[in-house]
Structures are given as structure tokens and as C-alpha cells.
Amino acid sequence: MTGVLSSIAKAVKPNGTASHANDRPSPTGSNPASTPVEQVKRAVNGHAAHSERDRLLAQLSSEEKIALLSGDDMWHTVAVPRLDIPRVRCSDGPNGVRGTAWTNGAPASCFPCATALGASFDVELAHRVGVALGEECRARGVHCLLGPTTNIQRHPCGGRGFESYSEDPLLSGHLAKAWVEGVQSCKVMATPKHFLANEQEHMRRSNNSVIDERTMHEIYLEPFRHQMKADPKVFMSSYNRVNGVHAAEHPHLLRKILRGDWGFKGLIMSDWSGTYSSSEAVKAGLDLEMPGPAFMRGVCVERDIVSGKLTPGDVDDCVGRVLDYVQNAKESGIAFETDEKSLDTPEVRALLREAADAGVVLLKNSAGVLPLVSKQGMKIAVIGPNAKSPAYSGGGSANLAPTYTVTPYDAVLKVANEVGATVECLKAADTERWLPLLTPYITLPGKKVGAEPGVMSHFYDKKPDVGAVSASEVDRNATLWRRSRRPSSWPGITVLTIGTNSEWESEGYDRSDIKLPRNTDDLVRAVLAVNPNTIIVNQSGMPVELPWISEATTLVQAFFGGNECGTAIADVIFGRINPSGKLPVTWPVRLEDFPSHEGFGDNKTTVYAEGLGVGYRHFDRPGKVRSAFPFGYGLSYTTFAYRDLEVVNAGFGAEVSFTVTNTGGVAGADAAQVYVHEVAPRVDRPEIELGGFTKVFLGPGESKRVLVALDHKAFSYYSVQEHAWVSESGAYEIRIGTSSTNIVLAKPVEKRGSFKWIGLEEPVPCELYH
């Protein structure tokens with residue numbers, strides 16, 4: 001490196017500017033400490049200051065600084081032992097703390113996927129989930145948790161759609177902010193990701209997301225902006241390009257918006273192997289290339305300094321934020337290089353169950369089949385491909401080895417055993433995307449009671465005279481298949497478990513359609529032909545087509561429910577909880593109904609041509625296609641009445657209050673949704689936009705007065721002329737709904753005076769010109 005520094009010395013003055021042949025020598029040039037090499041070292045190292053960051057910057061060698069700009073391995077930053085700079089550990093992911101091992105590591109709690117948490121509409125629950133994840137990070141020696149994922153579900157085929165909360169930026173932002181606050185309350189750094197526009201997995205490293213300025217701010221940037229109120233310590237850039245430039249080297253996104261408009265002062269890291277340049281990424285403000293060892297940095301940064309593409313000051317800017325990251329880890333009190341431990345306590349299990357329960361959405365109960373009254377002697381058939389297979393998570397970064405899982409069959413059987421009922425179980429259809437592993441079905445024969453898991457291998461020097469599969473196993477499978485073709489042989493109460501799993505919905509690839517896996521629709525129709533009141537339970541992270549929905553009376557959407565996915569299903573079926581989940585995404589009749597469908601999955605460029613028309617902003621609007629189930633929709637075992645709506649101007653926003661009454665006979669909760677409609681907008685605006693929401697828990701006959709505060713954002717749109725958010729004087733209507741289509745109360749409000757604002761700034765009055 002001395003040779004490199006000598007080369008730099010010839011091209012760079014101590015202040016980092018280019019030198020010329022006629023530059024005068026320094027008066028102190030005769031001092032050994034002022035040789036060209038030493039001058040460059042001072043330029044790279046900066047000058048000692050009072051802060052810890054500046055103290056370390058002054059002592060780090062240029063080689064050490066460059067090393068700190070990349071990871072050391074898959075999950076750690078580089079250590080500098082001589083300066084007490086340890087390796088900081090990070091971990092996936094949004095719904096669990098996997099730790100540093102992809103396989104055979106310490107098992108972890110798997111919370112419901114983000115769409116399930118989105119279905120809860122419960123900010124306080126999201127905060128408690130964040131706290132639990134923060135505590136598990138501490139147990140596993142993790143200083144930085146890579147989440148939450150807060151991209152927008154513009155298209156249901158997106159492979160990681162289940163990782164994000166909602167199609168709506170306000171719901172996404174509020175839940176993500178609460179999650180970040182929960183994680184960071186444990187002194188663990190949270191990492192909102194993927195910044196920005198990573199709504200497609202196909203060709204994600206090269207695909208170009210083309211988004212107009214207004215749509216980018218109103219839909220895709222907004223959930224990230226809202227999280228800034230929680231002071232997240234880290235952001236992660238996305239793999240893709242945005243309007244022609246990779247996000248990891250996008251100066252407008254990283255420097256202008258994130259650091260400039262929003263005031264972010266923390267660390268920006270790349271997605272894994274998502275750094276595609278050296279000097280461009282450093283200059284844009286990407287501080288840390290992950291994972292390590294360095295690929296686009298290291299010697300590449302050395303060369304860029306020599307060539308003048310980077311200055312020592314550019315390097316110092318990024319290194320300084322890496323040092324802040326290290327300091328945050330030190331101040332957390334979390335041990336470094338510690339063994340990873342599981343955190344499996346009764347309190348964690350209770351929260352896992354509560355979170356899973358809150359994410360279940362009752363979509364149809366037209367025959368009043370649910371809740372079932374469990375009683376002695378009842379016979380229940382639990383059938384379908386998901387009966388004994390826990391669809392607890394999607395695939396990729398979100399997937400992990402859970403501390404335990406509960407299948408739908410396990411949970412139903414537990415209830416049955418408590419009351420003296422009997423349960424039969426039948427898979428009935430194969431829906432695996434890949435050839436399933438035999439591992440769970442292989443055991444070692446032995447003389448002990450029960451068999452041990454494992455494989456016994458025999459090696460022969462000639463063809464053995466043995467069979468591969470026992471005749472009894474073949475006979476058993478044949479019998480099960482014949483029974484699956486004769487639904488009339490099943491008991492009267494039938495729970496049909498269908499859906500996708502981590503093979504169908506995963507990081508790394510998108511779905512080609514939203515049909516249920518092969519054979520599923522045929523199985524559903526066959527069962528409904530015998531028992532129209534079959535309880536159909538679908539488990540998926542994102543919507544699927546339901547071509548038989550008009551024939552069914554009972555449908556439960558369970559999403560990927562984490563460890564307790566099966567328990568939540570049984571809790572709803574038997575009425576142990578009253579379902580209160582609401583759809584965080586619009587459920588279409590067919591895939592082609594999405595305005596984003598044309599062009600989705602293109603190899604090179606994905607044009608967000610639908611603009612603001614994402615989800616409910618398009619579906620069920622005048623002249624637009626109808627959904628199968630609208631955004632915010634979900635049934636309950638009780639009923640609710642809304643009355644006495646009041647809207648009062650409060651500064652640049654408004655205070656909305658109304659009374660909610662549980663008019664049924666059981667306790668329950670409803671997600672009250674507050675939508676804003678501008679009566680005569682001067683620019684094109686959606687018919688309604690979610691301005692606020694609240695989860696109201698009520699006992700039978702109980703009433704509560706509810707207050708929802710709408711901030712200035714609720715009355716604003718992004719102006720491409722002003723390059724800022726603006727709000728105009730005029731008439732608005734506040735609409736209270738139990739979904740985006742079921743509006744139960746409405747009241748006008750007049751907003752006087754125009755204003756504009758940027759980032760987290762307070763609005764300022766202004767005159768707007770059109």
C-alpha cells in the first residue's frame with residue numbers, strides 16, 4: 001500500500017485537491033512528517049477531534065479505512081483490533097432472527113409474515129413484535145437486524161410480496177415505524193429495506209424500475225419517509241436500477257432524498273452482492289458493501305483514489321458512518337463474537353400465537369358455519385396439502401429454522417382431544433413445486449421403542465436383491481389416493497387446507513401466475529360437491545385466484561403465520577378468538593385485473609405505468625374493475641355500528657372522532673379506516689386515500705369514542721412543479737369505512753390556505769400556481 005500512497009501523493013495535495021507541477025512547495029516541506037506520503041496519510045486520516053468518530057479516523061491507516069468499507073464475511077463487518085473496533089454482526093430478517101447459519105444453526109422464533117402483520121392493522125402489536133425480535137437479537141449476539149421490508153405490493157406475483165406489509169404506503173409506513181421502534185428499543189439497529197422499488201425478483205440485479213416523480217414520492221418513498229420518524233440507524237439499498245441508475249449508486253435517492261430531504265445520518269449498506277461500482281457507490285453515499293470480503297471495494301477503491309475518481313474525503317465520509325455503526329453496536333451492550341442462543345419462552349410463544357391470530361382474515365361465512373362448537377363425539381376431517389405441512393413462512397431471506405411449528409392438523413387434533421372428538425387427516429393432493437426431500441420420512445429401524453431419524457446405507461459390489469420401497473408403503477399410498485377421489489367417505493365437518501408455501505413464494509423469483517398449485521382447484525371442487533359447507537383455509541403470503549369462490553360458503557385467509565400458523569387457524573375455526581384481520585392488499589378476481597400486470601416481469605425495464613393506481617386506488621373505483629375482496633375487508637363473529645362522526649380542523653391536519661359499538665354477543669375488534677377524498681382536485685387524485693386507522697377492541701354491547709388524528713400528509717399530494725408535497729385550499733370529505741368499499745360514515749371539511757413541505761419538515765403556507 002505504500003506504493004499506492006506514494007502514487008496518490010504525486011496526484012493529491014493534503015486537502016485532497018489535484019496538484020500541479022507549478023504548485024509551490026510547502027514551507028514545512030523539509031520536515032519528515034510533511035513528506036508527500038505523510039501528507040496524503042494526513043489527508044486520508046483527517047485531524048483528531050473530540051468525537052469518537054474523529055478520534056478513530058485520525059488513527060486509522062488508509063488500508064484500514066478502505067477495509068472498513070466492506071464486510072468481513074457474510075454477516076460481519078471488518079475488525080480493527082488495535083483500535084478496539086470489533087466485528088459487528090447483522091442478521092436476516094423481517095420476521096425472525098436467523099443468525100449467521102443458513103442451516104443447522106440455533107433455531108429461532110418465526111413471526112407471521114409482513115402481510116399477516118399488515119392484516120392486523122395493529123400498530124401496538126407491530127411494536128411488541130419488534131421488541132421480541134430485538135430481544136432475540138440480543139440473545140444471538142446480533143447488533144443489526146435486516147428489516148423491515150417496506151416495498152409496495154404493486155403486483156401479486158412479486159416473489160417477496162409476503163415480506164412487505166401492504167399495497168398502501170400509509171399502512172406500511174405506520175406498521176414499519178412501530179416495528180423499528182420496537183427493535184431499536186432493545187438497542188438493536190433496524191434496517192428498512194429495500195430502498196427503492198424492489199417490487200420484482202426477476203432479473204432484479206439489472207432490471208430498471210421506471211417511475212414518474214409523483215408516483216415515486218406518493219407510493220414508493222412514502223413508507224420509508226414515515227419510518228424516518230423512528231430514527232432508524234441503517235438503510236439498505238435495493239438490487240435494481242431506478243430510472244436508469246442502480247439504487248446502490250443513486251445520488252438522487254441516497255444523497256438528495258434520504259440524506260438531504262429526510263436528514264438521515266446513519267449507515268447505508270448494500271443488499272447482498274448488490275454493489276456494482278466502486279467510486280460511483282462511494283460518492284453516492286453507500287457506506288458499506290455487503291457481504292464480505294470486498295468485491296467492488298478494496299483494491300478497487302485504492303485504484304479510484306489513485307485515478308482521482310475518489311478523494312480521501314469521500315472515503316472518510318463513508319468510514320465515519322461505519323464507525324458510528326460500530327459505536328452503536330458497542331453502546332448496545334450486546335456481546336461480540338458470542339454464541340447464538342434460541343429464545344423460546346412462554347412469553348414469546350404467547351406473542352407468536354397472538355400475532356398469528358391477529359393476521360387471520362375471515363373472508364366468507366355466508367352459511368354461518370363458523371365458529372364451530374366443539375363437542376364430544378364430533379368427527380372432523382382435516383384434508384389438503386397443507387394439513388400436516390406448516391406453511392409458516394415464505395422463502396429466501398425471510399426463511400429460517402423455527403424453534404417449533406404447529407400444523408393445522410396438530411392444532412385441530414389438540415382441540416379434538418380436549419373435547420373427545422375424532423380427527424382424520426388426508427393430504428389428498430400434491431402441491432410441491434420441487435421434488436420433496438425424503439428426510440422427514442426416513443427413520444432408522446431399531447429394537448428401541450420408536451425409530452430414530454437417519455439413514456442406514458449399504459454398499460454392494462454387485463446388484464443387490466432388495467427393493468427400494470416396501471409394499472406396505474405402496475399399498476398405504478394407493479389407499480389414500482383412492483380415498484382422496486371419494487370425498488363422500490369423509491366425515492361431515494371438513495377443514496380443507498390449501499395454499500402456497502416457501503417454494504411458491506420466495507426471494508429470487510416471481511410467480512408466473514396467482515393460481516393455486518396444481519390439483520388444488522380440482523380438489524376444492526370435488527370436496528365442495530360433497531360438502532358445500534366445507535371450511536376452506538388458504539395459506540399464502542399474497543393473493544391467489546379462487547375460481548370456485550361462488551360455490552364455497554366458508555373461506556379463511558391465514559397468510560404465513562409463523563410458528564403458530566396452525567394454532568391460529570384452529571383458534572378461528574373453533575371460536576377461541578374472534579377474527580379481526582383485514583386484507584392489507586386488494587384480492588383480485590383474476591391476475592389480469594391488475595393495471596400493473598402489463599410489463600411485469602420484463603427482462604430489462606419495468607415501467608410503473610399504472611402510476612398512482614396501485615391496489616384500491618384502482619380497484620372498485622368508478623369505471624374500474626371490481627375486486628373479489630377489497631382492501632381493508634374482513635369479517636367478524638360479531639357486528640359493529642358506527643355513528644356520530646365529527647371532523648375538526650387542527651392546524652394543517654384534522655381530528656376525526658366517531659363512536660364504535662359492538663352490537664353483537666361476543667367480544668371482538670374492528671379496524672376502523674379513515675379515508676380522505678378531495679371533492680374538486682386541480683390535479684388527478686385517487687378517489688380515496690387512507691389517511692389514518694385504528695384498531696378498536698370492544699366487549700359485547702360496549703361503545704368507545706375513537707379519535708384519529710390526520711396530519712398534513714393526509715391532505716397533500718406531491719407536486720412535480722414544486723418538487724415538494726403541497727396541499728390546496730378546498731373541500732374534502734372524510735369517509736369512515738370498514739373496508740375501502742364499505743363506507744359507513746362521511747362528513748365534509750373545508751381546508752383553508754395552501755401549504756407545502758418536504759421530508760419531515762413542518763408545512764409552510766404558500767401560494768400555488770397552475
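Mentor: Start with I85, which sits in the loop between α4 (62-68) and β1 (90-92). Helices here are DSSP runs of H or I with at least four residues, strands are runs of E with at least two, and both are numbered from the N terminus. Bear in mind that this is a predicted model: local features need pLDDT of at least 70, side-chain atom pairs count only at pLDDT 80 or more, and totals for chains, interfaces and linings use all residues. Residues are numbered from 1 along each chain as its sequence is written, and side-chain values use heavy atoms, with hydrogens and water left out.

Trainee: Is I85 buried or exposed?

Mentor: The general idea is a cut-off on relative accessible area: buried is under 20%, exposed is over 50%, and partly exposed is in between, using a 1.4 Å probe and protein chains only. I85 has a relative accessible area of 2%, so it counts as buried.

Trainee: And which residues is I85 in contact with, leaving aside its neighbours within four places in sequence?

Mentor: Contact means heavy atoms within 4.5 Å. On that basis I85 touches L56, L60, L68, V78, A79, V80, L323 and V326. V326 is 241 residues away along the chain, yet the two C-alpha atoms are separated by 7.1 Å.

Trainee: How many of the contacts in the chain join residues at least 24 apart?

Mentor: Counting contacts between residues at least 6 apart in sequence, 75% of them do. The chain has 770 residues, 58% of them buried, and there are 17 helices and 28 strands.

Trainee: How do I read a nonpolar core?

Mentor: In soluble globular proteins, nonpolar side chains tend to be buried together. A nonpolar core is a set of buried Ala, Val, Leu, Ile, Met, Phe, Trp, Tyr and Cys residues joined through side-chain atoms within 4.5 Å. Here the largest one has 71 residues, and W179 and I573 have the most contacts inside it. Helix α7 (residues 169-184) supplies the largest share of this core, eight residues. Another core, of 36 residues, lies apart from it and includes L56, C144, M290 and L323.

Trainee: Which residues does I573 contact beyond its neighbours within four places in sequence?

Mentor: They are L370, P371, L372, V495, I535, V537 and Y637.

Trainee: What about peptide bonds and phi, where should I look?

Mentor: Most residues other than glycine have a negative phi, and most peptide bonds are trans. In this model a cis peptide bond joins L370 and P371, with omega about 0°, and P371 lies in the loop between β9 (361-365) and β10. A cis bond also joins M290 and P291, where omega is about -5°. For phi, take A428: its value is positive, about 75°, although it is not a glycine. A428 is buried, with a relative accessible area of 13%. D231 has a positive phi near 55°, but D231 is partly exposed at 44%.

Trainee: At what angle do α6 and α7 pack?

Mentor: Axes are lines fitted to C-alpha atoms, for helices over the stretch in contact, and angles run from 0 to 180 degrees between N-to-C directions. Helix α6 (residues 123-139) and α7 pack at about 35°, with axes 7 Å apart. The α6 side of the contact includes V123, A126 and H127, while the α7 side includes H174, L175 and W179. By class, that contact has nine nonpolar, five polar and one charged residues. Ala, Val, Leu, Ile, Met, Phe, Trp, Tyr, Cys and Pro count as nonpolar, Asp, Glu, Lys and Arg as charged, and the others, Gly among them, as polar.

Trainee: Why do the buried residues of α16 line one face of the helix?

Mentor: In α16 (residues 520-530), the buried ones are T520, D521, L523, V524, V527 and L528. Seen down the axis, they fall within an arc of 160°, so they line one face; the arc is that of the directions from the helix axis to the C-beta atoms. Those buried residues pack against β10 (379-383), β14 (493-499) and β15 (535-539). The face turned away from the buried side carries the exposed residues D522 and A529.
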